[in-house]
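Colleague: I am new to this structure and would like to learn how to read it. Could you take me through its features step by step?

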Amino acid sequence: MSASSVLTGIDIFRPLDLAEIFRRSAPVHIDIGAGAGSFIVEQARRHPEADFLAVERLLGRVRSTENKAKRLALSNLRILRLDGSWVVKHMLPDDSVTCFYLSFPDPWPKRRHHTHRIVNSEFVTAICRALITGGEWRIVTDHEDYFRAMIAEASKVLTRTTWPEELEPPKTDFEKHFLEKEHPIHRARFVKA
(Lines give C-alpha, C1' and ligand atoms only; values in the text may rest on other atoms or scores of the structure.)
Protein backbone atom coordinates (compact mmCIF):
# COMPACT_ATOMS: atom_id res chain seq x y z
CA MET A 1 0.00 0.00 0.00
CA SER A 2 1.18 3.51 -0.73
CA ALA A 3 2.02 5.90 2.11
CA SER A 4 -1.54 7.19 1.97
CA SER A 5 -4.79 5.39 1.26
CA VAL A 6 -6.47 8.74 0.45
CA LEU A 7 -7.12 9.06 -3.27
CA THR A 8 -5.78 12.26 -4.84
CA GLY A 9 -5.74 13.60 -8.37
CA ILE A 10 -9.12 12.04 -9.15
CA ASP A 11 -11.13 13.57 -12.00
CA ILE A 12 -14.54 14.05 -10.39
CA PHE A 13 -16.21 14.23 -13.80
CA ARG A 14 -15.14 10.75 -14.92
CA PRO A 15 -16.08 7.28 -13.67
CA LEU A 16 -13.61 5.76 -11.23
CA ASP A 17 -11.44 2.93 -12.51
CA LEU A 18 -11.83 0.71 -9.48
CA ALA A 19 -9.44 -2.01 -10.70
CA GLU A 20 -6.75 0.62 -11.19
CA ILE A 21 -7.41 2.24 -7.82
CA PHE A 22 -7.07 -1.06 -5.96
CA ARG A 23 -4.54 -2.59 -8.37
CA ARG A 24 -6.60 -5.78 -8.64
CA SER A 25 -10.03 -7.08 -9.53
CA ALA A 26 -12.07 -7.93 -6.43
CA PRO A 27 -15.58 -7.30 -5.08
CA VAL A 28 -15.96 -3.61 -4.20
CA HIS A 29 -17.76 -2.39 -1.07
CA ILE A 30 -18.46 1.32 -0.60
CA ASP A 31 -19.25 3.10 2.65
CA ILE A 32 -21.11 6.34 1.89
CA GLY A 33 -20.42 8.88 4.62
CA ALA A 34 -17.80 6.74 6.34
CA GLY A 35 -17.44 9.05 9.33
CA ALA A 36 -14.33 8.40 11.42
CA GLY A 37 -13.86 5.08 9.65
CA SER A 38 -14.24 2.52 12.47
CA PHE A 39 -16.81 0.49 10.54
CA ILE A 40 -15.13 0.42 7.11
CA VAL A 41 -11.65 -0.18 8.53
CA GLU A 42 -12.91 -3.18 10.49
CA GLN A 43 -14.79 -4.50 7.43
CA ALA A 44 -11.59 -4.21 5.36
CA ARG A 45 -9.61 -6.00 8.08
CA ARG A 46 -12.18 -8.83 8.29
CA HIS A 47 -12.48 -9.26 4.51
CA PRO A 48 -9.08 -9.07 2.75
CA GLU A 49 -10.62 -10.77 -0.29
CA ALA A 50 -12.68 -7.63 -1.05
CA ASP A 51 -11.85 -3.97 -1.70
CA PHE A 52 -13.36 -1.13 0.34
CA LEU A 53 -13.86 2.50 -0.57
CA ALA A 54 -14.66 4.97 2.22
CA VAL A 55 -16.39 8.10 0.94
CA GLU A 56 -16.37 11.02 3.37
CA ARG A 57 -16.30 14.76 2.79
CA LEU A 58 -15.04 16.00 6.18
CA LEU A 59 -11.24 16.25 6.41
CA GLY A 60 -10.95 15.32 10.09
CA ARG A 61 -12.93 12.13 9.52
CA VAL A 62 -10.87 11.29 6.43
CA ARG A 63 -7.67 11.66 8.47
CA SER A 64 -9.10 9.48 11.24
CA THR A 65 -9.95 6.74 8.74
CA GLU A 66 -6.52 7.03 7.13
CA ASN A 67 -4.75 6.72 10.49
CA LYS A 68 -6.74 3.62 11.40
CA ALA A 69 -6.01 2.05 8.01
CA LYS A 70 -2.28 2.82 8.33
CA ARG A 71 -2.07 1.23 11.78
CA LEU A 72 -3.44 -2.01 10.32
CA ALA A 73 -1.47 -1.69 7.05
CA LEU A 74 -4.64 -2.34 5.04
CA SER A 75 -3.98 -2.72 1.33
CA ASN A 76 -7.67 -3.16 0.42
CA LEU A 77 -8.99 0.20 1.64
CA ARG A 78 -9.03 3.55 -0.15
CA ILE A 79 -10.54 6.82 1.00
CA LEU A 80 -12.17 9.42 -1.22
CA ARG A 81 -12.81 12.87 0.22
CA LEU A 82 -15.92 13.90 -1.67
CA ASP A 83 -19.66 14.22 -1.20
CA GLY A 84 -21.19 10.73 -1.18
CA SER A 85 -24.14 11.71 -3.31
CA TRP A 86 -21.87 13.07 -6.06
CA VAL A 87 -19.73 9.92 -6.05
CA VAL A 88 -22.73 7.60 -6.31
CA LYS A 89 -24.51 9.63 -8.99
CA HIS A 90 -21.54 10.58 -11.18
CA MET A 91 -18.39 8.58 -10.48
CA LEU A 92 -19.26 4.90 -10.23
CA PRO A 93 -19.32 2.71 -13.32
CA ASP A 94 -22.45 0.69 -14.05
CA ASP A 95 -22.52 -2.78 -12.47
CA SER A 96 -19.33 -2.22 -10.46
CA VAL A 97 -20.24 -2.35 -6.75
CA THR A 98 -20.93 -5.49 -4.71
CA CYS A 99 -22.21 -3.73 -1.60
CA PHE A 100 -23.08 -0.21 -0.48
CA TYR A 101 -23.30 0.80 3.19
CA LEU A 102 -25.23 3.84 4.38
CA SER A 103 -25.11 4.14 8.14
CA PHE A 104 -26.82 6.86 10.14
CA PRO A 105 -27.16 9.46 7.37
CA ASP A 106 -28.18 12.92 8.56
CA PRO A 107 -31.97 12.65 8.90
CA TRP A 108 -32.63 16.36 8.45
CA PRO A 109 -35.67 15.87 10.71
CA LYS A 110 -37.50 19.14 10.00
CA ARG A 111 -39.88 18.72 7.06
CA ARG A 112 -38.58 21.87 5.35
CA HIS A 113 -35.08 20.32 5.33
CA HIS A 114 -36.06 16.93 3.85
CA THR A 115 -34.72 18.03 0.46
CA HIS A 116 -31.22 17.85 2.01
CA ARG A 117 -31.53 14.13 2.73
CA ILE A 118 -29.11 12.01 0.71
CA VAL A 119 -31.68 9.31 -0.09
CA ASN A 120 -34.04 10.41 -2.84
CA SER A 121 -35.20 8.85 -6.10
CA GLU A 122 -32.16 10.04 -8.08
CA PHE A 123 -29.75 8.68 -5.46
CA VAL A 124 -31.52 5.31 -5.25
CA THR A 125 -31.55 4.99 -9.04
CA ALA A 126 -27.80 5.65 -9.06
CA ILE A 127 -27.25 3.03 -6.33
CA CYS A 128 -29.17 0.49 -8.41
CA ARG A 129 -27.23 1.38 -11.58
CA ALA A 130 -23.85 0.95 -9.85
CA LEU A 131 -24.71 -2.35 -8.13
CA ILE A 132 -23.86 -5.63 -9.78
CA THR A 133 -26.72 -8.11 -10.20
CA GLY A 134 -27.10 -9.71 -6.78
CA GLY A 135 -25.32 -6.75 -5.17
CA GLU A 136 -26.73 -5.25 -2.02
CA TRP A 137 -27.36 -2.01 -0.19
CA ARG A 138 -27.39 -2.01 3.62
CA ILE A 139 -29.03 0.85 5.50
CA VAL A 140 -28.76 1.46 9.24
CA THR A 141 -30.31 4.38 11.16
CA ASP A 142 -31.84 5.33 14.48
CA HIS A 143 -34.33 7.73 12.86
CA GLU A 144 -37.62 5.90 12.26
CA ASP A 145 -39.24 8.49 9.98
CA TYR A 146 -36.21 8.67 7.69
CA PHE A 147 -35.94 4.87 7.77
CA ARG A 148 -39.51 4.54 6.47
CA ALA A 149 -38.78 7.11 3.74
CA MET A 150 -35.59 5.28 2.68
CA ILE A 151 -37.42 1.93 2.61
CA ALA A 152 -40.18 3.38 0.44
CA GLU A 153 -37.71 4.90 -2.01
CA ALA A 154 -35.39 1.88 -2.21
CA SER A 155 -38.30 -0.55 -2.65
CA LYS A 156 -39.15 1.11 -5.97
CA VAL A 157 -36.05 -0.31 -7.68
CA LEU A 158 -34.52 -2.91 -5.34
CA THR A 159 -35.80 -5.98 -3.51
CA ARG A 160 -35.83 -5.92 0.27
CA THR A 161 -34.41 -9.06 1.86
CA THR A 162 -33.74 -10.37 5.35
CA TRP A 163 -30.87 -9.28 7.58
CA PRO A 164 -29.64 -12.55 9.09
CA GLU A 165 -27.87 -12.53 12.46
CA GLU A 166 -24.69 -13.94 10.95
CA LEU A 167 -24.45 -10.79 8.82
CA GLU A 168 -23.78 -8.71 11.95
CA PRO A 169 -21.16 -6.18 10.83
CA PRO A 170 -18.94 -4.13 13.13
CA LYS A 171 -20.76 -1.25 14.78
CA THR A 172 -20.21 2.32 13.64
CA ASP A 173 -19.29 5.00 16.18
CA PHE A 174 -22.80 6.43 15.77
CA GLU A 175 -24.39 3.04 16.39
CA LYS A 176 -22.40 2.56 19.60
CA HIS A 177 -23.51 6.03 20.74
CA PHE A 178 -27.19 5.42 19.98
CA LEU A 179 -27.14 1.97 21.59
CA GLU A 180 -25.70 3.49 24.77
CA LYS A 181 -28.67 5.87 24.78
CA GLU A 182 -30.97 2.88 24.15
CA HIS A 183 -32.26 4.25 20.84
CA PRO A 184 -33.83 1.62 18.58
CA ILE A 185 -31.68 0.82 15.56
CA HIS A 186 -33.41 0.17 12.22
CA ARG A 187 -31.76 -1.97 9.53
CA ALA A 188 -32.67 -2.82 5.98
CA ARG A 189 -30.94 -4.84 3.31
CA PHE A 190 -31.80 -4.53 -0.38
CA VAL A 191 -30.64 -6.65 -3.31
CA LYS A 192 -30.50 -5.84 -7.01
CA ALA A 193 -32.32 -8.62 -8.87
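Modeller: Helices (H or I, at least four residues) and strands (E, at least two) are DSSP runs, numbered from the N terminus. Before the cases, a word on the source: this is a predicted model, where local features need pLDDT of at least 70, side-chain atom pairs count only at pLDDT 80 or more, and totals for chains, interfaces and linings use all residues. Residues are numbered from 1 along each chain as its sequence is written, and side-chain values use heavy atoms, with hydrogens and water left out.

Colleague: At roughly what angle do the axes of helix 4 and helix 5 cross?

Modeller: They cross at roughly 55° and come within 8 Å, helix 5 being residues 121-130. Angles under 35 degrees count as roughly parallel, over 145 as roughly antiparallel, 65 to 115 as roughly perpendicular and the rest as oblique. Helix 4 is therefore oblique to helix 5. A crossing is left-handed if the near helix is turned anticlockwise from the far one by less than a right angle, and right-handed if clockwise; for helix 4 and helix 5 it is left-handed.

Colleague: Which residues make the contact between helix 4 and helix 5?

Modeller: Contact means heavy atoms within 4.5 Å. Helix 4 brings Gly 84, Ser 85, Val 88 and Lys 89, while helix 5 brings Glu 122, Phe 123, Ala 126, Ile 127 and Arg 129.

Colleague: Now the rings, please. How many aromatic pairs does the structure hold?

Modeller: Rings of Phe, Tyr and Trp (its six-membered ring) pair if their centres lie within 6.5 Å; planes under 30 degrees apart count as stacked, over 60 as edge-to-face and the rest as tilted. There are 4 such pairs here. In one of them, Phe 13 and Trp 86, the centres are 5.9 Å apart and the planes stand at 90°, so this pair is edge-to-face. Phe 13 belongs to the segment before helix 1 (18-22) and Trp 86 to helix 4 (residues 84-91), so the pair ties together parts 73 residues apart in sequence.

Colleague: Is Phe 13 buried or exposed?

Modeller: Buried means under 20% relative accessible area, exposed over 50%, partly exposed in between (1.4 Å probe, protein chains only). Phe 13 has 66%, so it is exposed, whereas Trp 86, at 28%, is partly exposed.

Colleague: What kind of pair do Trp 137 and Phe 190 form?

Modeller: A tilted one, with 6.4 Å from centre to centre and 40° between the planes. Trp 137 sits in strand 5 (residues 131-141) and Phe 190 in strand 7 (residues 186-191), 53 residues apart. Trp 137 is buried at 0% relative accessibility, and Phe 190 is buried at 0% too. Ring pairs also join Phe 123, Trp 137 and Phe 190 into a cluster.

Colleague: Where does the charged end of Arg 187 sit?

Modeller: A charge sits over a ring if NZ of Lys or CZ of Arg is within 6 Å of the ring centre and within 35 degrees of the ring normal. The charged end of Arg 187 sits over the ring of Trp 163, 5.4 Å from its centre.

Colleague: And the backbone: what is phi of Arg 23 near?

Modeller: It is near 60°, a positive value in a residue other than glycine. Arg 23 lies in the loop between helix 1 and strand 1 (28-32) and is exposed at 62% relative accessibility. Ala 73, also not a glycine, has a positive phi of about 50°; Ala 73 is in the loop between helix 3 and strand 3 (77-80).

Terms used: Axes fitted to C-alpha atoms, helices over the stretch in contact; angles between N-to-C directions.
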